[in-house]
Amino acid sequence: MTEKALRLGTRRSTLAMAQSGQVAQAVRELTGRPVELVEITTYGDTSREHLAKIGGTGVFVTALRDALLAGEVDFAVHSLKDLPTTQPDDLTMAAVPRREDPRDVVIARDGLTFERLPRGARVGTGSPRRMAQLNAYARSHGLTIETVPIRGNIDTRIGYVRSGELDAVVLAAAGLHRIGMIGEVTDFLSVDMVLPAPGQGALAVECAAVNVDLAAVLAELDDPDTRAAVTAERSLLAALEAGCSAPVGALADLLADGQVVNEMRLRGVVGTTDGSTLVQLSTTGPVPTSLGDAIALGRELASEMLAKGAAGLMGERAL
């Protein structure tokens, strides 16, 4: 008798389907069991309002989590940067697979790089974090840009450039890699210029906490270095008391001395969306030997950032 297929809950967007398809294939290879994708529409997919207004990126997650808890699907794949920082007790983040490129990228008309955009160029992004850093960079390098808030899937966003409505859009490299469109990129933004969202480029594979056997199988997809890095980044975000729509960037990376990886560096930034004020700091510590160490690194940097005035830059605090 063939084993029952595992049901993987996914959003319906091209990107979500591609991400989920890649994880489904990995799980098939691990378990020898069939995996079927179950498409779930979330409020974030149907609402056209700005993300910050409808509750941050958590709106993409709730319907998938509800389906998990109701037993309609066995596991779900999320973009980690969409997950609220508090993990519900009845769900387990069973795996954080190896991270894709965490950088942001520009897709601009006429193959332009960010530096070569014309004066007053209209640059589209739905992210206050990107706006804050791009405007700050432009300000300090004598460039004049206008950031324009946009929503929609990758095709919709690139369409604004093709139609001439915008000069450029800024997107995550990881998503373009996963759907095979990285060739569209006209400029990769260094993380020294724009720090990504906490967890950007990483996926989270989640299942119900009671499903211990499945969680153990999925755990084989986990990449410990990626998990330590994103744990530090998300701990920083949580300690700043910022929701997913706050203008916070963070990136943890492992630093090697020769062949030996001996330290983890965590960088964080928060700023006003017009780029007039940024608080940007970094801290370095031993490579975390536990998730508790990674959480401590995030909290330590957050307290330094708060001492430097980060709290006043968070915009509306979620009550």
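This is a predicted model: local features need pLDDT of at least 70, side-chain atom pairs count only at pLDDT 80 or more; totals for chains, interfaces and linings use all residues.

Reader: Fine. Which residues of helix H5 are buried?

Author: H5 covers residues 154-162, and Ile154, Arg157, Ile158 and Val161 are buried there. Looking down the axis of H5, those buried residues fall within an arc of 95°, so they line one face of the helix.

Reader: What covers the buried residues of H5?

Author: The cover includes helix H1 (14-31), strand S5 (104-108), strand S8 (168-172) and helix H6 (173-178).

Reader: What goes on at the start of H5?

Author: A side-chain oxygen of Asn153 comes to within 3.2 Å of the backbone nitrogen of Asp155. As for what comes after, H5 is followed by Gly164, with a positive phi near 85°.

Reader: Switching topic: where's Leu6, and is it buried or exposed?

Author: Leu6 sits in strand S1 (residues 6-10). Its relative accessible area is 5%, so Leu6 is buried.

Reader: What is Leu6 in contact with, leaving aside neighbours within four places in sequence?

Author: Val27, Arg33, Pro34, Val35, Glu36, Asp74, Phe75 and Leu214.

Reader: OK, cores. Which members of the largest nonpolar core touch the most other members?

Author: Leu236, Leu240, Met264, Leu266 and Met305, out of 20 residues in that core. Helix H8 (224-239), strand S11 (248-257), strand S12 (260-271), strand S13 (278-286) and helix H9 (291-307) each supply at least two of its residues.

Reader: What does Leu266 contact beyond its sequence neighbours within four places?

Author: Its contacts include Ala232, Glu233 and Leu236, then Leu251 and Ala252, and also Leu281, Ser282 and Thr283. Leu297, Gly298 and Leu301 are in contact with Leu266 too.

Reader: What does the second core include?

Author: That separate core has 17 residues, among them Ala24, Val27, Leu203 and Val205. Val27 is also one of the contacts of Leu6.

Reader: Last one: where is Asp110, and what's its phi?

Author: Asp110 lies in the loop between S5 and strand S6 (121-125). Its phi is near 55°, a positive value in a residue other than glycine.

Reader: Buried or exposed?

Author: Asp110 has 64% relative accessibility, so Asp110 counts as exposed.

Conventions. Residues are numbered from 1 along each chain as its sequence is written. Side-chain values use heavy atoms; hydrogens and water are left out. Buried means under 20% relative accessible area, exposed over 50%, partly exposed in between (1.4 Å probe, protein chains only). Helices (H or I, at least four residues) and strands (E, at least two) are DSSP runs, numbered from the N terminus. The arc is that of the directions from the helix axis to the C-beta atoms. Contact means heavy atoms within 4.5 Å. A polar contact is a pair of N or O atoms within 3.5 Å; within protein, one must be able to donate a hydrogen and the other to accept it, and residues adjacent in sequence count only if both atoms are side-chain atoms. A nonpolar core is a set of buried Ala, Val, Leu, Ile, Met, Phe, Trp, Tyr and Cys residues joined through side-chain atoms within 4.5 Å.
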